[in-house]
Structures are given as C-alpha cells and as structure tokens.
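Biologist: I would like a close look at a single part of this chain, followed by an account of what lies elsewhere in it. Please keep to what can be read from the model.

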Amino acid sequence: DWCRAASMAKQAGRARKQKRDDNPLSSARLSGDKCKASSLWFRKSGAGYHLFLSFFAEQPGAVCNEGDPQQVGNDGDVASVARKGKGMSRAAKRRRKHKDPCNVDVGRSAHEDGQGAPDMTELDQSHPLVQAFESKANEWTRLRGFVEALSRPLPLTIRLRDVDATERMNELKQKLGDFSQLIGPVQYDKSIYQSRPGCSLCKSSLGKISPGLKEVIVSGSMDGLLARQELASMLPVLALSHVGALKAGAKVLDLCSSPGSKTLQALEVVCSSNRRGKVIANDINASRLESLREAVIRSGVDEELTDRVTFTNFDASEFPSPKSGKLFDCIICDVPCSGDGTIRKDKHILPMWTPATSNSLHPLQLDILRRALELVRVGGSVSYSTCSLNPIEDESVVSAALANDDRYELLDWPSELLPGFVTRRGISDWKVAFYNKDSFEGDDSDDFGQLSFYDSHIKAMENGETGSCETLWPTGKVPLKRCMRLWPQDQDTGGFFVAIIRRKR
C-alpha cells in the first residue's frame with residue numbers, strides 16, 4: 001500500500017509539473033519572483049496596482065491620450081464623448097436612479113448612439129486599483145477614465161450565432177426584448193447584445209438581478225442560438241472575415257484555441273454554405289483541449305457543423321506543416337498573454353502585476369506569430385491578438401516578426417467594420433520597463449520600489465538587465481498604427497489588441 005501511495009504521489013507530481021510546463025503564463029509569473037515570502041508581501045501590499053499604473057502612465061497612446069479623454073473613431077478623427085447625465089445636478093441624478101434602477105436613458109442609450117461607456121463621475125473608493133490611483137491622482141490624471149472603467153465589473157455580452165434557424169432566432173429575440181431595460185443590441189452590430197449602462201448586469205450578477213433573463217440566455221446557448229462571448233473576443237474573427245480571408249469553405253487554424261469562443265465563431269463562417277470548410281482547434285494543454293471538446297459539444301451547434309472541427313495538441317510555436325502541403329487560408333493567433341485587459345473579470349491579475357510577466361512572455365508570443373506566418377498560404381491572413389494592452393506583448397511582437405521580412409504586409413484595421421465602433425490606432429513608440437523587488441524594504445507597506453525604463457537594449461544590458469532581449473524595443477520599420485487597440489473606457493469593454501497580417505508571397 002505504501003509503495004502504491006508513493007507511486008501515485010510521484011505521478012501526481014509529474015502531472016503538476018507538466019501542467020505548469022503547459023501554462024506559459026504561470027511560468028512567466030514564476031520567473032518574476034522565486035521568493036515565496038516576498039511574493040506574499042507583494043500581493044498583500046497592493047504593489048502590483050501601483051506598478052501597473054506607473055507603467056501605463058509612461059506609455060503615451062497605449063491606454064489614453066496625452067490630453068483630456070476623447071474618443072477617436074476608426075478613421076482617426078476625434079469625436080466628442082456623449083456623457084449620459086452630464087449637466088444634471090446630484091439630486092436629479094439620484095431621482096433618476098431611484099426612478100430607473102438600471103439608470104438607462106431610454107431616449108438616448110449608449111447602445112443606440114454607439115457610445116458604450118456609462119457616465120463616469122465617481123470612482124469606487126473600495127477598489128484597490130482606485131486606491132492606488134488616488135495616491136498619485138495629480139500625476140496620473142490622464143489615466144482617470146482608464147481606471148474608472150477597470151474598476152467596474154465587465155458588462156454581460158452575448159452574440160447571436162449566424163445559424164439557419166430563422167423562426168427560433170426570432171423567438172429568442174422576442175424573449176430578449178422582454179428584458180430591454182437590462183440588455184439590448186449595440187448600435188454597430190444588431191447581433192451583439194450588451195447589458196445597459198449603469199445596470200450592473202455582468203456574468204456574476206445575472207442570476208441575482210434577473211433569473212428570467214438568465215434562463216433565456218442559458219436556453220439559447222444550449223439550443224446553439226447564442227454564444228456568451230466577450231465583445232473584444234469577437235474582433236479577430238470579424239476582421240478576418242471582413243478582409244476576405246475567413247469565408248465559407250476556408251481551411252482555418254486556431255493556434256491557441258481554448259476556451260473556444262473564436263473557434264465556434266469561425267466555424268459559423270466556414271460552414272455558412274455547402275462548401276466543406278474546416279477548423280483546426282489546437283492547444284498545448286491536453287486538459288484545456290478536453291474542456292474545449294466538451295464546450296463545443298455543449299454549444300448546441302448542429303453536430304453536422306461541429307464535426308468539421310479537428311482538435312490537435314501541439315506547441316503552437318512548433319505546429320507541424322500540413323501533410324498535404326496545402327497551407328491554411330487564415331490563422332487565428334490569440335496568444336497566451338498577461339491578461340491585463342481582462343482584469344475587470346479576473347481579480348487575480350493585478351495583485352501580482354510586474355513588467356516581468358510580459359517581458360517573459362514576449363519571446364514565446366513572437367515564436368508563435370512567426371510560426372503562424374509560415375503556415376498561412378500566399379494571399380491568406382493571420383490575426384495576431386492578445387487581451388493585453390502592454391505594447392511589449394502587442395506592437396513589439398508584430399514589429400519584431402515583420403521588420404525584416406517583406407513577404408508579409410500589416411493591413412489597416414478595416415474602418416468599415418462595425419460602423420460607429422470606437423477603435424484606437426497602434427502605437428509606434430513605447431518604453432521597456434524592468435522591476436527589481438530588492439529596491440525596497442519589505443516591511444514598509446508604502447515603499448513599492450520603482451520601475452526602471454530603458455530606451456535601448458544596450459542600456460538595459462549595461463545596467464544588469466540580463467533577461468532582456470533586443471526585440472522588446474521598437475524597430476521603426478513597421479507601420480504599427482495599422483494595428484488596433486481597444487480601450488476599456490471607450491465602449492465599456494475589456495482591453496484588447498489585434499493586428500491583421502496578409503502574406504504577399
């Protein structure tokens with residue numbers, strides 16, 4: 001019995017190690033801090049929130065403009081922001097809130113005029129990110145809108161699937177219409193529904209606020225009529241479809257497919273006619289891949305369509321070439337990332353935030369993108385995306401992959417996609433940061449140390465930052481403004497980054 005128990009424990013240990021090896025984000029975080037005591041202090045002190053804001057305060061254009069908050073349309077022009085409730089007295093706002101618990105301006109809602117962000121007048125002082133911001137509010141003034149958005153829960157978003165079920169879909173829309181004070185279609189795409197500004201409807205509060213709406217959404221999901229998918233997550237597939245790379249009958253590779261929302265979204269396009277398209281869903285982690293299989297089955301999508309999904313378990317950076325020799329029409333490359341754009345729904349990211357996570361992930365992200373570019377056919381396209389706003393994981397990777405390779409071109413983000421949807425251009429310049437936890441005394445809760453910024457790889461190496469690599473810095477050779485950034489404060493979303501790359505030859 002003892003030998004059997006020891007053997008089982010040994011196997012469990014190997015399984016845990018394999019799980020860590022298959023989780024790049026976990027490995028990147030571990031690389032930043034090997035000392036458990038220091039890590040515990042760091043988490044409890046709130047240092048991660050301070051460093052996060054310090055970092056983005058030094059990155060012009062990454063999450064906010066230099067001047068006052070403004071919205072920039074797809075064409076780059078500046079548009080004014082319609083603030084619901086602007087000019088009203090506090091008493092009037094209280095009366096309106098009392099009259100309408102969801103605080104929805106029915107006459108001019110954010111969904112109807114294309115402005116997805118609710119009125120932003122007060123910060124939630126209980127949120128640790130807000131507390132960190134207030135400690136240096138005078139220095140970080142331009143980050144206020146960014147902080148306000150991140151301190152609120154992420155609104156509930158659903159997408160009506162593109163399936164041939166007109167009668168059932170109309171019935172679902174009627175049921176959703178019964179909850180129009182809580183959720184409604186966005187102005188830029190009537191198939192996307194988002195919770196109304198101010199009603200606090202999110203994934204975790206859905207059952208409490210409206211059990212009836214939850215029942216409609218769960219039923220619609222099981223019937224294959226809708227997908228519970230974050231708005232930002234929809235963008236890569238929408239863009240690939242818009243530029244003509246993703247279409248009926250296409251051969252698609254989703255390199256890092258778990259949890260599978262993009263896989264199923266792409267499948268709807270590929271199978272929109274009788275042509276035999278297919279989607280390859282790949283993930284390095286076997287357990288996540290199994291969860292993806294189950295999610296596809298639970299999706300309610302017709303089995304005739306889901307049979308066109310093939311599941312593979314490879315390291316994305318070493319994905320093998322097709323045996324047929326026929327490369328892919330398009331590739332979805334949503335790489336492992338630090339996830340700082342998802343902090344509205346994941347409270348575990350910011351307490352341990354340091355620039356080391358992004359810096360450590362950068363080489364892997366670059367390897368995955370380079371492999372994707374080799375696997376796409378001439379005339380085909382690759383979408384590179386992250387749920388991070390850190391340029392080290394975004395423009396830096398795109399720049400390094402394309403700087404000395406004229407076989408590819410970075411496409412402009414399609415301005416006709418989702419009319420009225422606010423996007424931001426990519427940035428061409430950024431600062432590379434490093435953090436040394438030994439620069440402070442652990443018993444001083446107000447001393448979080450400082451980030452060190454370097455404008456070149458040589459200077460970083462001269463100052464002992466041996467873990468840096470040259471590709472972290474801008475190359476100046478790629479028109480990175482063609483990339484797309486999604487700021488949380490613009491449309492009450494998560495943060496996101498997308499680049500569309502076409503192979504010319």
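Which residue in β8 does Asp 254 stand opposite?

Modeller: It is Ala 281 of β8 that stands opposite Asp 254. The model is a predicted one. Asp 254 belongs to strand β7, which spans residues 251–254. Strand β8 covers residues 278–282 and runs parallel to β7, with 4 bridges joining the two. β7 also pairs with strand β10, residues 328–334, again in the parallel sense, over 3 bridges. In that pairing Val 252 has Cys 330 of β10 as its bridge partner.

The side chains of a regular strand alternate between the two faces of the sheet. In β7, Lys 251 and Leu 253 lie on one side, while Val 252 and Asp 254 lie on the other. These four residues are all buried, and both faces of β7 are covered.

The chain holds 19 helices and 17 strands. Of its contacts with a separation of 6 or more, 79% are between residues 24 or more positions apart.

A second sheet to look at is open and has 4 strands, in the order β4-β5-β3-β6, with antiparallel pairing. Strands β4 (183–186) and β6 (226–227) are at its edges; each has a single partner strand, so one side of each lacks a neighbour in the sheet. β4 pairs with β5, residues 189–195, in the antiparallel sense over 4 bridges. Within this pairing Val 186 is placed opposite Asp 189 of β5. Helix α9, residues 166–177, packs on the sheet and touches β3 (157–160), β4, β5 and β6. The direction of α9 makes about 155° with that of β3.

Next come the helix pairs. Two packed helices are described by the angle between their axes and the distance between the axes. For helices α12 (residues 231–242) and α13 (residues 261–270), the angle is about 30° and the axes are 9 Å apart. That angle makes α12 roughly parallel to α13. The crossing of α12 past α13 is right-handed. On the α12 side the contact is made by Ser 233, Met 234, Pro 236, Val 237, Leu 238 and Ser 241, and on the α13 side by Ser 261, Lys 262, Gln 265, Ala 266 and Val 269. By class, this contact of α12 with α13 has 6 nonpolar, 4 polar and 1 charged residues.

Helices α4 (residues 47–57) and α7 (residues 128–135) pack at about 60°, with their axes 9 Å apart. α4 and α7 are therefore oblique to each other. α4 passes α7 in a right-handed crossing. From α4, Tyr 49, His 50, Phe 52 and Leu 53 meet Pro 128, Leu 129, Ala 132, Phe 133 and Ser 135 of α7. The contact of α4 with α7 has 7 nonpolar, 2 polar and no charged residues.

Leu 451 is in strand β15, residues 451–454. Its relative accessibility is 13%, so Leu 451 counts as buried. Beyond its neighbours within four places in sequence, Leu 451 is in contact with Leu 51, Ser 54, Phe 55, Pro 355, Ala 433, Phe 434 and Tyr 435.

How values were computed
Residues numbered from 1 in each chain as written. Predicted model: local features only at pLDDT ≥ 70, side-chain atom pairs only at ≥ 80, totals over all residues. Heavy atoms only, no water. Axes fitted to C-alpha atoms, helices over the stretch in contact; angles between N-to-C directions. Parallel < 35°, antiparallel > 145°, perpendicular 65-115°, else oblique. Left-handed = near helix turned anticlockwise from the far one by under 90°. Contact = heavy atoms within 4.5 Å. Nonpolar A, V, L, I, M, F, W, Y, C, P; charged D, E, K, R; others polar. Pairing = 2+ DSSP bridges. Buried < 20%, exposed > 50% of the residue type's maximum accessible area, 1.4 Å probe, protein only.
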